[in-house]
Protein chains: 2
Amino acid sequence: MKSFRLKYEDTELYFGCNSVKNLKKYMKGMEHAIIATGSSSARKSGALEDVENIIKECGVKFEVFDKIRPNPTVEIADKLAEMILEKGSDCIIAIGGGSVIDTAKVSSIIALSGGRAGDYLRGKRGKRYLPLFVVNLTHGTGSEVDRYAVLTEGRNKVGISARYPNASFDDPRYLMSLPERQAIYTSVDAFFHAYEAVTGKFTNPFIETLSIECARLLRENLPRNQDLETKYNLLYASMIAGISLDMGPAHIVHAIEHALSGMNHDLPHGCGLAIIGARSIYWIHRYAKNSQRIMEALTGKRIESASEAEKSFKEFLEKVGFDERLSDYGFGRNDFKEVENMVFGELRYFFRRIGFNFEREMLRDILENSL
Amino acid sequence: MKSFRLKYEDTELYFGCNSVKNLKKYMKGMEHAIIATGSSSARKSGALEDVENIIKECGVKFEVFDKIRPNPTVEIADKLAEMILEKGSDCIIAIGGGSVIDTAKVSSIIALSGGRAGDYLRGKRGKRYLPLFVVNLTHGTGSEVDRYAVLTEGRNKVGISARYPNASFDDPRYLMSLPERQAIYTSVDAFFHAYEAVTGKFTNPFIETLSIECARLLRENLPRNQDLETKYNLLYASMIAGISLDMGPAHIVHAIEHALSGMNHDLPHGCGLAIIGARSIYWIHRYAKNSQRIMEALTGKRIESASEAEKSFKEFLEKVGFDERLSDYGFGRNDFKEVENMVFGELRYFFRRIGFNFEREMLRDILENSL
């Protein structure tokens, strides 16, 4: 398992076992760091301890902010920003998955560009931001190499173009303690980054290269004993899907999922994508020619039609042991109208990213088939 | 055919038809540019005229330096640097293939860091360099996205880690006028960037992803009518092989070719690689596990042994219409000792990049089989 460094956009990514040791070179001149994280995975994985040891060795003082939860809110981003200002921190070290990384991105902007998180969700742009270092703890987010951040304000879940991390560390060792369901959810998240990037209007050959490879790696590594090499491969698949996503943003599937987990914050993002994925693929497949290529890479089978694409994704979910439905999260037909209003309202901007007309009947059909 | 932008390391790459229009945004504040190029392809392709029009529109004065030839020398890099200093130019715009781009890289360093080209070949490092913009005219070099420059001093051909261009423009339209033999040579060059990067000691999953894709695209696009779409695909294949090469440098095949074209400057680089390629692959294949994957991608066939890998590369050359031999360039057995002295002398540093012992008998066997 090779360790390597990749500079993509503004991010220096260090990939491989013990890659976090490279954090040291960024600590020069730093006096105080905020470590932003969630409730447990940073500790359980050993990442927090490793980071603390490194920055202590560099003489950097620090404070841990461990209040970030899945589907993070604007309030928590504001709190983190306040703590940064209060402590006069020089940088943020985010240790976690997408929720932690995205929150830290927004807080790092607030800290130097002012305002509140909600302002940025509504269009404010921040040119200056605190240095941000990321220790990624899931093989799904892609946020360690992309510019995006997704936060929730009330029932609205909004994705914005925020900033790239200065440096990120993808270490498969930290993923060994990821709970099995999280491993499935985040793998599905990585797949939909690859799938939506390559089927969207902004696809290009580089996205094709990376997205197809991501799908092929998911086929080869899911489900398998989640040994270190599997984790390495899944983490790599997720990382390149992050680059795909950065170049060609997500569209329909993410839009619908944002509406759903905006309405029910207990629905994990990757789980929501998995639930609505099969029928979404059915519709996208009819219009986007790359859908065939990526579905064939995911399944290793020839895919001749939208129905076959849908079926093969269902088989993939079955293979990895996923069987949840919208109704498991309390959704019923009564909620469809609200989902529709959000998708065709606030989230309408996602439609600019596809080359076909997404219609209300398609959405209803997807929800109906996901109950 | 999509146009897209990719930021890799320090280079902003613009890919696609008419991508050179993006040069405009880099001309702000520039007063004088040196356009560095070769004798004819910049004019014939239309690239020179396009660049002149763009920079005239931006009010930038310019001078054309069109003296760069294949296998460029340190003397020409020094001349270009002198012209830059004499004119007080603010930037270089390189229009050409690897020879032009590499020369411009070194001259851009000399201009701000002093010294002569030969100093840099012998280890001098330059921290400061003039902005460099690249309009790439071949689908082989990779130099538009990598840090390397290769120059010749006497009979020594030396590759150095020089710098990345600030911005590069890969426009398939400019490749339509590339002579057929050049198209073959440069495609083979791209292949060996991919092949050596992925079979070398510094390979990693990202190199694998890009190198395998490069080989697959070469299989799909060579030989075909050299229409614009084919050129687009070949140019893309070459560009990603350039990133592969940047992350995992070339080794044996390039080392031997450097010795050969150092001795005979009339031997085009890609041609030299093609001549010695099959038998080099035979030896590398025995030790490097990725050789099988990339040869299978290039041929679309199952490759079970080193002999099959060698044979399949010969078939590939036959398919693209390449049939030259070392003897066509005046090489005979009498020259083997000198090649050996160079490869195992000045060029020995290439050996650090492979995971096996490259022995003198292997080199002699490669040369013997390439006569």
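Let us begin with Asn71(A), which sits in the loop of chain A that runs between β4 (61–65) and α3 (74–87). Please bear in mind that the model before you is predicted. The backbone at Asn71(A) deserves a remark: its phi is positive, about 50°, although the residue is not a glycine. As background, most residues other than glycine have a negative phi.

Is Asn71(A) buried or exposed? Asn71(A) has 20 other C-beta atoms within 10 Å. The cut-off for a buried residue is 20 or more such atoms, and therefore Asn71(A) counts as buried.

I turn now to chain B. Glu9(B) also is not a glycine, and it has a positive phi of about 50°. Where is Glu9(B) placed? Glu9(B) belongs to the loop between β1 (4–8) and β2 (11–15) of chain B. For Glu9(B), there are 19 other C-beta atoms within 10 Å, so this residue is classed as partly exposed.

My remaining topic is the peptide bond. In general, most peptide bonds are trans. In chain A, however, the bond leading from Leu222(A) to Pro223(A) is cis, and its omega is near -20°. Pro223(A) lies in the loop that separates α7 (205–221) from α8 (228–247) in chain A.

What is found in chain B, from Leu222(B) to Pro223(B)? There, too, the peptide bond is cis, with omega near -20°. As for its location, Pro223(B) is in the loop of chain B between α7 (205–221) and α8 (228–247).

Terms used:
Residues numbered from 1 in each chain as written. Chains lettered and ligands numbered in written order. Predicted model: local features only at pLDDT ≥ 70, side-chain atom pairs only at ≥ 80, totals over all residues. Helix = DSSP H or I, 4+ residues; strand = E, 2+ residues; numbered from the N terminus. Buried ≥ 20, exposed ≤ 12 C-beta atoms within 10 Å, placed from the backbone.
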